[in-house]
Amino acid sequence: MDEVTFGPGCESSAAGPLVEPVSAVTSLAFVVAAVVVVALRRRAGLPVPWAYVVLVAGVGVGSVVQHGPDPAWSDPAHDLPIVGVLCFLAADAAAALRRAPRRWWWWAVPTAVLMVPVVAWPRAGDLAQVGVAAVTAVLLLARAHREPAVRWRVAVALAVLGTGALVGALSRTGGPLCDASSVLQGHAVWHLAAAAALAVLAPLVTPDGPARARAR
């Protein structure tokens, strides 16, 4: 059977349980990142930021659903944890800037609100996610400006994210790096970069608020 290109991510696949196999497999990098965060925190004797861990792992699970069997409900399954982890990081950075404990509703309520356009108006939902990502980046940079101890970690995370996003954008269908039959897929690179960046940022958060002294 001839290969068929699916969606904007460029990758193609023959009929089977995985619509985009490379992207589906590399989605598991987020689950690995979540496990690494738990292992490192426990090894250091530090509390585990479970909300963050669940959201990071959820990004991987949702991405496997979308790039794998791709059921009708794959878009909200994919987007919910992404919006959640972005809102979480934004709330944590805002709490650090205010030198106040992070409250759970600071990220849970915006996540719920933003899921309305994600479900009802997918294009608007995509734009909303870009907006949240931009706000999160600005807040992280503001925190890095105030707290020298976290600057290198924020810089590394944003640099990795930026590189992954650029490769992913250039590899979309019709892009200069698009090769539907290649095992090296730009969207897969984005998955690996984003998972690594979320793992790098993990030490900045704690279960009850921002961890300033522990950021290493």
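**Reading features in one model**

Mentor: Start with Arg-99, which is found in the loop between H4 and H5. Helices (H or I, at least four residues) and strands (E, at least two) are DSSP runs, numbered from the N terminus. This is a predicted model, in which local features need pLDDT of at least 70 and side-chain atom pairs count only at pLDDT 80 or more, while totals for chains, interfaces and linings use all residues. Residues are numbered from 1 along each chain as its sequence is written, and side-chain values use heavy atoms, with hydrogens and water left out.

Trainee: Is Arg-99 buried or exposed?

Mentor: The terms rest on relative accessible area, found with a 1.4 Å probe and protein chains only: under 20% is buried, over 50% is exposed, and partly exposed lies in between. Arg-99 has 55%, so it is exposed. Its phi is positive, about 55°, although Arg-99 is not a glycine.

Trainee: Which loop holds Asp-70?

Mentor: Asp-70 lies in the loop between H3 and H4. Asp-70 also has a positive phi, of about 50°, and is not a glycine. With 37% relative accessibility, Asp-70 counts as partly exposed.

Trainee: How many disulfides does the rule count?

Mentor: A disulfide is a covalent bond between the sulfur atoms of two cysteines. The rule here asks for a pair of cysteine sulfur atoms within 2.5 Å. By that rule the count is one disulfide. Cys-10 and Cys-178 form it, with sulfur atoms 2.0 Å apart. The torsion about their S-S bond is about 90°, so this disulfide is right-handed.

Trainee: Where do Cys-10 and Cys-178 lie?

Mentor: Cys-10 is in the loop between strand E1 (4-5) and strand E2 (12-13), and Cys-178 is in the loop between helix H7 (151-170) and helix H8 (186-201), so the pair ties together parts 168 residues apart in sequence. Cys-10 is buried at 0% relative accessibility, whereas Cys-178 is partly exposed at 28%. Glu-11 also lies in the loop between E1 and E2, and is buried with a relative accessible area of 1%.

Trainee: What volume does the largest cavity have?

Mentor: Both cavities and pockets are found on a 1 Å grid over the protein atoms alone. A cavity is a set of points where a 1.4 Å probe fits but cannot get out; a pocket is an open set with protein on both sides within 12 Å along at least five of seven lines; lining residues have an atom within 4 Å of a point. Grid points are joined across faces, edges and corners, and a volume is the space filled by probe spheres set on the points. A search of the whole structure finds one cavity of 30 Å³ or more. The volume of the largest cavity is about 40 Å³.

Trainee: Which residues line the largest cavity?

Mentor: Leu-89, Asp-92, Ala-93, Leu-140, Arg-143, Leu-201, Leu-204 and Val-205 line it. Helix H4 (74-98) and helix H6 (122-146) each supply at least two of the lining residues, and H4 has the largest share, with three. For classes, Ala, Val, Leu, Ile, Met, Phe, Trp, Tyr, Cys and Pro count as nonpolar, Asp, Glu, Lys and Arg as charged, and the others, Gly among them, as polar. The cavity lining has six nonpolar, no polar and two charged residues.

Trainee: How much space lies in the largest pocket?

Mentor: The largest pocket holds about 1500 Å³. It is lined by 47 residues, and those closest to its centre are His-78, Ile-82, Gln-129, His-187 and Trp-190. Helix H3 (50-67), H4, H6, H7 and H8 each give two or more residues to this lining. H6 gives the most, with 11 residues. By class, the pocket lining divides into 25 nonpolar, 15 polar and seven charged residues.

Trainee: Which residues of the largest nonpolar core touch the most other members?

Mentor: A nonpolar core is a set of buried Ala, Val, Leu, Ile, Met, Phe, Trp, Tyr and Cys residues joined through side-chain atoms within 4.5 Å. The largest core has 41 residues, of which Tyr-52, Val-56, Val-85, Trp-107, Leu-198 and Leu-201 touch the most other members. Elements that each supply at least two core residues include helix H2 (28-43) and helix H5 (105-120). H4 gives the most to this core, with nine residues.

Trainee: What does Leu-201 touch?

Mentor: Contact means heavy atoms within 4.5 Å. Not counting residues up to four places away in sequence, Leu-201 touches Tyr-52, Leu-89, Leu-140, Arg-153, Val-154 and Ala-157.
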